[in-house]
Amino acid sequence: MSDDECPPLCEMETGGDSNGEEEEADEWEVAEEQNDPVRCLFCEQISPTMTVAIRHAKEQHEFDLGEVRRRFHLDEYSYIKMINYIRREKPEPAVFRSGTSAFWTDDKYLKPVENETWLMFDLDELDEILLNGNGAGSGGARENGNDVGDTMTLTTDQYRKLQGIINELTAQLREKENLLQHAASDIEKMKESFRNLLEQQEQKKSKAPEEKIAQIREELKHCVSTVAVEDDQGYFNTYSHFGIHHDMLSDYVRTASYRDAILENGAIFRDKTVLDLGCGTAILSMFAARAGAKDVISVDQSDIIYQAMDIVRRNKIDNIKFVKGRLEDSELPVEKVDIIVSEWMGYFLLFEGMMDSVIYARKQYLKEGGFILPNRCNISLAGYGDLDRHKEFIGFWKDVYGFDMSCMKKEVLREATVEVCKPEHVITNANIIANFDLMEVDVDCPNFSYDFELTVKRDCTLTALVGYFDTFFELPEHVEFSTSPYTKPTHWKQTLFYVEEPIPVREGQQIKGKFVCRRDPKDARSLFITIEYLGKVLKYTLN
């Protein structure tokens, strides 16, 4: 097929050659207008593009942004703080060439000093700039960042491909600008939240009930309680269908562990008031009633609560009271409870963000000396090597009925995968990367990091890292269960973080890296995961 016979893109007008050239020229002008001038971080030099500015900082000031990112483990927030710190404090470039602890952690550096082009730069683009020879061009001499002298002739097909790349980059830039505006707005909200929290902590402890509720809600900002109920309804609707409850109830490890923790510690439940948070079919409520609880308050926002009412009536249990609604927006028939019981855990423990509601219940309703079941959980990480599964899941896209769909791999790899892992494919020891005491944690607990060190057990190939969690009921009759690959599978399965290409490893090799978990700022129930190891920076979502 000749260049002139190239089929048009869907929904694109295909007018005469003259109009096409004018439209293409307009697209070039749009791309060029996006190159805002960039002022150097350490002098008054003005560069035409970020690529030139980054090269100038490295050559003239020995400020290597790639090395700084690795040294201080910069993510998007700490990068923003660093840029604002430089503008505000005007440090010497030499301070960034030693040490590993950032000195711009103060939240005051979240506020931009000026309209700053550096803040619009996406760190994800840095690897590509460095990979392309630190931004140096290959088509002749350059003057002030512009090509001079040499020219290049493009075929129509090459021109169209290049134009498509420019259009895509232009759209990405606009998206980055929107994200930056949202981030600036979120930062202002966070600062206002911190100010209000500090003011409230200085006030007297004895407050009216309405004031105390307002204080708790203020402390729980930036968690699921801040999501409007109508926006959160999709989450609760997933629990309205019987299918998901069949999966959970038939999970023997899960359900039997709760049953044993409650019934084998009946003396603790006897004559107590119990809150069952997210009660579902009310199975835990009925266990608590059978253990001798005086009253059980069962709370759920999903419509499954109507089936739970029928289940309780059918089993002739009369001391369970139901409240339909999200706990943070509901009023319970009691002021305080002795025990909170909840099956709140999601994939990788923290997905779905239901721990936020448990924390709210603890702050608002739990009596002094009361307790939560389960009371402690942790998350573990290990190396995993299953070549057949990697070929089936990731390599699949290379040849799909004779067509190369490899471009799909990027999206597939971006999402963490939930599946049952085989113990024979676990190739390292495990590190516990996070511990959560439900009597102590706050809503910031999903934001954590851990420097892991895994030891390879045999010569093999690494295809992923696997995450799982353990749960503890630390009572006189101790009960615990694990979602490890070495134990009986549960409906939580395990969470896999695949690599794009399998990596050969040898027995005794130390795999060192950094695991960073962050709550998605746009979806309080989702997670962003960044893992740095073996010279790679890999990013995943759980949503």
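How many disulfides does a search of the whole structure find? I ran the search, and it finds zero.

**Ground rules**

I am working with a predicted model, in which local features need pLDDT of at least 70 and side-chain atom pairs count only at pLDDT 80 or more, while totals for chains, interfaces and linings use all residues. I number residues from 1 along each chain as its sequence is written, and I use heavy atoms for side-chain values, leaving out hydrogens and water.

**Entry: cysteines**

I noted first what a disulfide is: a covalent bond between the sulfur atoms of two cysteines. The search takes a pair of cysteine sulfur atoms within 2.5 Å as a disulfide. I then looked up C40, which is in no disulfide. Its nearest cysteine sulfur belongs to C43 and is 3.6 Å away.

My scale is relative accessible area: buried is under 20%, exposed is over 50%, and partly exposed is in between, with a 1.4 Å probe and protein chains only. C40 is buried at 4%, whereas C43 is partly exposed at 24%.

**Entry: salt bridges**

I counted salt bridges next, meaning a side-chain nitrogen of Lys or Arg within 4 Å of a carboxyl oxygen of Asp or Glu. The count comes to 22. I looked up three of these pairs and one network.

The side chains of D107 and K81 form a salt bridge, with 3.0 Å from N to O. This pair links distant parts of the chain, 26 residues apart. K81 sits in helix α4 (76-89), and D107 sits in the loop between α4 and α5 (126-131). For these names I rely on DSSP runs numbered from the N terminus: helices are H or I with at least four residues, and strands are E with at least two. Which of the two is buried? K81 is, at 13% relative accessibility, whereas D107 is partly exposed at 32%.

R376 and E474 meet in another salt bridge, 2.9 Å from N to O. I find R376 in strand β10 (residues 376-384) and E474 in the loop between β14 (460-473) and β15 (479-482). The two are 98 residues apart, so I wrote the pair down as a link between distant parts of the chain. R376 is partly exposed, with a relative accessible area of 24%, and E474 is also partly exposed, at 39%. I also looked up a network, in which salt bridges that share partners join E67, R70 and R71.

R259 and D260 form a salt bridge too, their closest N and O atoms being 3.0 Å apart. R259 is partly exposed at 29%, and D260 is partly exposed at 22%.

**Entry: helix α10**

I checked the length of helix α10, which covers residues 252-263. The expected span of a helix is 1.5 Å times one less than its number of residues. For the 12 residues of α10 this should be 16 Å, and the end C-alpha atoms are 16 Å apart, which agrees.

Which residues of α10 are buried? I listed V253, R254, T255, A256, S257, Y258, A261 and I262.

At the N-terminal end of α10, I found D251 as a cap: one of its side-chain oxygens lies 3.3 Å from the backbone nitrogen of V253.

**Entry: R525**

I found R525 in strand β18 (residues 523-533). R525 is buried, with a relative accessible area of 7%. A polar atom of its side chain lies 2.7 Å from the backbone oxygen of E352. I looked this up as a polar contact, which is a pair of N or O atoms within 3.5 Å; within protein, one must be able to donate a hydrogen and the other to accept it, and residues adjacent in sequence count only if both atoms are side-chain atoms.

**Entry: backbone angles**

I looked up a cis peptide bond, which joins L373 and P374 with omega at about -10 degrees. P374 lies in the loop between β9 (366-373) and β10.

I then noted two residues other than glycine with a positive phi. For K493, phi is near 55 degrees. K493 lies in the loop between β15 and β16 (494-505) and is partly exposed at 33%. For L534, phi is near 50 degrees. L534 lies in the loop between β18 and β19 (536-542), and at 32% relative accessibility L534 counts as partly exposed.
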